[in-house]
Amino acid sequence: MKLELNNVVKSYGKKPAVNGLSIVFEPGIYGILGPNGAGKSTTMRMVCTVEKPDKGSITYNGSDIYAMGGEYRDKIGYVPQKAGYYPDYTAGMFLKYIAGLKGIENEEKVIKGCLEVVNLWDVRDKKLRGFSGGMKQRVNIAQALINNPGILILDEPTVGLDPDERMSFKNLISSFAEEKIIIFATHIVSDVEDIAGRVLILDKGTIKVNEETVNLINNAEVKVWECNLKDIKEINFIKDNYKTSKIHYHNGTADIRVISDVKPCENAVLVQAGLEEIYKGFIN
Ligand code: ADP
């Protein structure tokens, strides 16, 4: 299974939202990172066939996805950032409704399977209005799984989840990695670090990075320093003049991680860069 973007360009007005993207997706988890306006949503919308490139092509196993039409859409599942809910529907009713829309055969069995995967079968008769953010997100994933898609597309899937819900979301998504192409866009770097086999960093419509997550971390060229500072003036100087990532205050001092080619202060020690810092190093 292969989904391929070849030199894709998409503009709104004069400004390209996406400018010459070439990406090959095969089964596995891809985390798309990028600041607001980088072109993440535009890319996702094109992969879902909601929008069409102005130039370039998107193919699924060699066939143009727009020419494939419904045959391609049957193979994708989309988890939007904010899904519309019918608060008075139960989880079971909601899935039945989606199954009807998608023309799913053998729906009872399929719905049971999807709700079991996301661990909501036991609460299938409860109304959605009483569900927590994480439970709603799992309903959202269950509806996307109903056609057993080979490609699962998730837009900012962990926004609003508490740490436990975030963990169970990550475990659930990881369990699909063998057999599905999973593409998720996020601005939460730690989500990508934990589950994505490959990281794509988009900025201003182009790809800055397309690399296996472990390689990206192990071969990081960005230099990260840890400084321990006591004086507030020194702390402010570093914050104002360098790119910093984490600051940890304790016992009246601050440990500051600084991204810099040169040593930022007297007691600075070089440390291993994390994905957050590598990401910051690529974004201006
Ligand atoms: P991201 O999802 O990374 O925040 P988007 O793909 O939403 O980025 O946006 C990329 C660029 O395209 C931005 O400059 C945005 O303003 C512009 N854009 C996106 N969608 C539209 C649209 N429907 N109409 C006009 N401009 C758009």
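**Salt bridges and a helix pair in the predicted model**

Asp54 has a relative accessibility of 47% and therefore counts as partly exposed (buried means under 20% relative accessible area, exposed over 50%, and partly exposed in between, with a 1.4 Å probe and protein chains only). The structure is a predicted model, in which local features need pLDDT of at least 70 and side-chain atom pairs count only at pLDDT 80 or more, whereas totals for chains, interfaces and linings use all residues. Residues are numbered from 1 along each chain as its sequence is written, and side-chain values use heavy atoms, with hydrogens and water left out.

Across the whole structure, a search identifies 12 salt bridges, each defined as a side-chain nitrogen of Lys or Arg within 4 Å of a carboxyl oxygen of Asp or Glu. Asp54 is paired in this way with Lys10, with 3.8 Å between the closest N and O atoms. Because Lys10 belongs to strand E1 (residues 3-12) and Asp54 to the loop between helix H1 (40-47) and strand E4 (55-60), this pair ties together parts that are 44 residues apart in sequence. Helices (H or I, at least four residues) and strands (E, at least two) are DSSP runs numbered from the N terminus. Lys10 counts as buried, at 11% relative accessibility.

Arg257 takes part in a salt bridge with Glu226 (3.6 Å, N to O). Arg257 lies in strand E13 (residues 253-259) and Glu226 in strand E11 (residues 224-229), so parts 31 residues apart in sequence are tied together. Arg257 is buried at 15% relative accessibility, while Glu226, at 29%, is partly exposed. Arg257 also forms a salt bridge with Glu277, for which the closest N and O atoms are 2.5 Å apart. This pair links distant parts of the chain, with Arg257 in strand E13 and Glu277 in helix H11 (residues 275-282), 20 residues apart. Glu277 is buried, its relative accessible area being 2%. Elsewhere, salt bridges with shared partners join Lys10, Arg45, Glu51 and Asp54 into one network.

Helices H4 (residues 91-101) and H5 (residues 107-117) pack at an angle of about 125 degrees, and their axes are 10 Å apart. Axes are lines fitted to C-alpha atoms, for helices over the stretch in contact, and angles run from 0 to 180 degrees between N-to-C directions. H4 and H5 are therefore oblique to each other (under 35 degrees is roughly parallel, over 145 roughly antiparallel, 65 to 115 roughly perpendicular, and the rest oblique). The contact (heavy atoms within 4.5 Å) involves Ala91, Gly92, Leu95, Lys96, Ala99 and Gly100 of H4, together with Glu107, Glu108, Ile111, Cys114 and Leu115 of H5.
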